[in-house]
Amino acid sequence: MAMLCKMLRKKGEDAISDEDQQILKTYGKQLDFTERESIRPLVEYASSM
């Protein structure tokens with residue numbers, strides 16, 4: 001990941017996509033992409049056992 005960010009920084013702001021900009025913006029930060037609602041059926045099933 002470090003090498004990817006290094007390469008993106010070398011490209012320059014006008015040459016990178018929005019997705020690449022988000023990678024640079026969030027690199028080194030802790031992110032959570034879990035959707036708690038998507039596990040609700042599993043929790044309900046386990047609770048009913």
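These are my notebook entries on a predicted model of one protein chain.

**Ground rules.** I number residues from 1 along each chain as its sequence is written, and my side-chain values use heavy atoms, with hydrogens and water left out. As the model is predicted, I ask for pLDDT of at least 70 for local features and count side-chain atom pairs only at pLDDT 80 or more, while totals for chains, interfaces and linings use all residues.

**Overall layout.** I began with the secondary structure and found 3 helices and 0 strands. Here helices (H or I, at least four residues) and strands (E, at least two) are DSSP runs, numbered from the N terminus. The order from the N terminus is α-α-α. I then looked up the extent of the C-alpha trace, which spans about 55 × 20 × 10 Å along its principal axes.

**Surface and burial.** Of the 49 residues, 8% count as buried. For me, buried means under 20% relative accessible area, exposed means over 50%, and partly exposed lies in between (1.4 Å probe, protein chains only). The chain exposes about 4800 Å², and carbon and sulfur atoms supply 55% of that area. These areas come from the Shrake-Rupley method with a 1.4 Å probe; for residues, only the protein chains shown count as cover.

**A nonpolar patch.** Which residues form a nonpolar patch on the surface? I noted M1, L4 and Y27, with about 300 Å² of accessible area together. Such a patch takes residues with over 30% relative accessible area and no salt bridge, and joins nonpolar side chains (Val, Leu, Ile, Met, Phe, Trp, Tyr) within 5 Å. L4 sits in helix α1 (residues 2–11), and it counts as partly exposed because its relative accessibility is 35%.

**C5.** Helix α1 also holds C5. Is C5 buried or exposed? I call C5 buried because its relative accessible area is 0%. Leaving aside residues up to four places away in sequence, C5 touches I23, L24 and Y27; contact means heavy atoms within 4.5 Å.

**D20 and the charges.** D20 lies in helix α2 (residues 18–26). D20 is buried yet has no salt bridge, a salt bridge being a side-chain nitrogen of Lys or Arg within 4 Å of a carboxyl oxygen of Asp or Glu. The nearest side chain of opposite charge is K11, 4.3 Å away. Not counting residues up to four places away in sequence, D20 touches L8 and K11.

Last, I checked the charges: the mean positions of the 8 positive and 9 negative ones are 9 Å apart. Lys and Arg count as positive and Asp and Glu as negative, without His and the chain ends. I place each charge at NZ of Lys, CZ of Arg, CG of Asp or CD of Glu.

Key
Patches are made of residues with over 30% relative accessible area and no salt bridge: like charges are joined within 9 Å, nonpolar side chains (Val, Leu, Ile, Met, Phe, Trp, Tyr) within 5 Å.
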